[in-house]
Amino acid sequence: MKKKLSIVFGIIAILAIISVGTLAYFTSEQNAENVISAGNIKLEIHEKTASGEDFPKEGIIVMPGDTVSKIVTVENTGDHPLYLRVKLTEGVSDEALTTDDCLDININRSCWLEKDGYYYYYRALQSGETTEQLFSEVYFDLYNIDNKYLGKHFTLNVAASAVQSENNGSDVLNAIGWPEEEA
């Protein structure tokens with residue numbers, strides 16, 4: 001009987017070893033680390049004078065009737081093409097005054113489309129590419145800037161925003177994802 005029991009336990013041990021070997025044979029384990037990086041879009045606004053110098057950050061002094069050279073372009077400094085829009089905001093340092101009819105900005109309408117208070121660049125801007133000028137000069141109206149404006153400061157803020165152009169609409173006006181306007 002001892003012999004039979006030894007044989008039975010031996011068979012059970014062999015079956016256990018075979019089943020573990022079989023399980024090891026049919027299973028496998030492996031890890032793969034996948035790194036997926038999102039592309040980026042970046043832009044830089046350039047403000048130059050007709051002589052190619054940077055427009056002075058401290059501003060300039062003007063008189064009614066002056067035309068000031070201010071060439072505004074935007075460069076795509078990111079890795080991917082983008083759609084671009086620019087918002088121009090005029091202001092004057094005295095809240096009681098407005099810039100209505102005081103400034104005339106010569107917008108380049110052959111390359112920029114106006115819609116809903118923004119100027120949209122007419123096509124996708126490729127990485128490393130710079131737009132055609134949005135405008136090149138600002139005229140300070142001779143007849144609408146009077147003595148109320150003496151010593152006041154005019155501002156012309158240029159704010160640009162962009163969204164990816166890849167897989168994003170058929171053109172700049174159909175693109176989605178534009179940042180919401182801040183209040």
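**View A. Salt bridge between aspartate 54 and lysine 48.** In this predicted model, the side chains of aspartate 54 and lysine 48 meet in a salt bridge, with a distance of 2.6 Å from N to O. Aspartate 54 is exposed, its relative accessible area being 53%. Lysine 48 is partly exposed, at 29% relative accessibility. This contact belongs to a set of five salt bridges in the structure.

**View B. Salt bridge between lysine 70 and glutamate 47.** Here the closest N and O atoms of lysine 70 and glutamate 47 are 3.1 Å apart. The pair links distant parts of the chain, since lysine 70 lies in strand E2 and glutamate 47 in strand E1, 23 residues apart. Lysine 70 has a relative accessibility of 8%; because this is under the 20% cut-off, lysine 70 counts as buried. Glutamate 47, in contrast, is partly exposed, with a relative accessible area of 27%.

**View C. The open sheet of four strands.** The strands follow the order E1-E2-E7-E4, and their pairing is antiparallel. Strand E1 (43-48) and strand E4 (103-107) stand at the edges; each has a single partner strand, so one side of each is left without a neighbour in the sheet. On average, neighbouring strands of this sheet are turned by 25° against each other, direction ignored.

**View D. Pairing of strands E1 and E2.** Six bridges join E1 to strand E2 (residues 67-76) in the antiparallel sense.

**View E. The hairpin of strands E5 and E6.** Strand E5 (residues 112-115) and strand E6 (residues 118-121) run antiparallel and are joined by four bridges. Glutamate 114 stands opposite tyrosine 119 in E6. Two residues lie between the strands of this hairpin, and aspartate 116 takes a positive phi near 55°.

**View F. Salt bridge between lysine 148 and aspartate 146.** The closest N and O atoms of lysine 148 and aspartate 146 are 3.7 Å apart. This distance is within the 4 Å limit, so the contact counts as a salt bridge. Aspartate 146 is partly exposed, at 38% relative accessibility.

Terms used. Residues are numbered from 1 along each chain as its sequence is written. This is a predicted model: local features need pLDDT of at least 70, side-chain atom pairs count only at pLDDT 80 or more; totals for chains, interfaces and linings use all residues. Side-chain values use heavy atoms; hydrogens and water are left out. Two strands pair if DSSP finds at least two bridges between them. Axes are lines fitted to C-alpha atoms, for helices over the stretch in contact, and angles run from 0 to 180 degrees between N-to-C directions. Buried means under 20% relative accessible area, exposed over 50%, partly exposed in between (1.4 Å probe, protein chains only).
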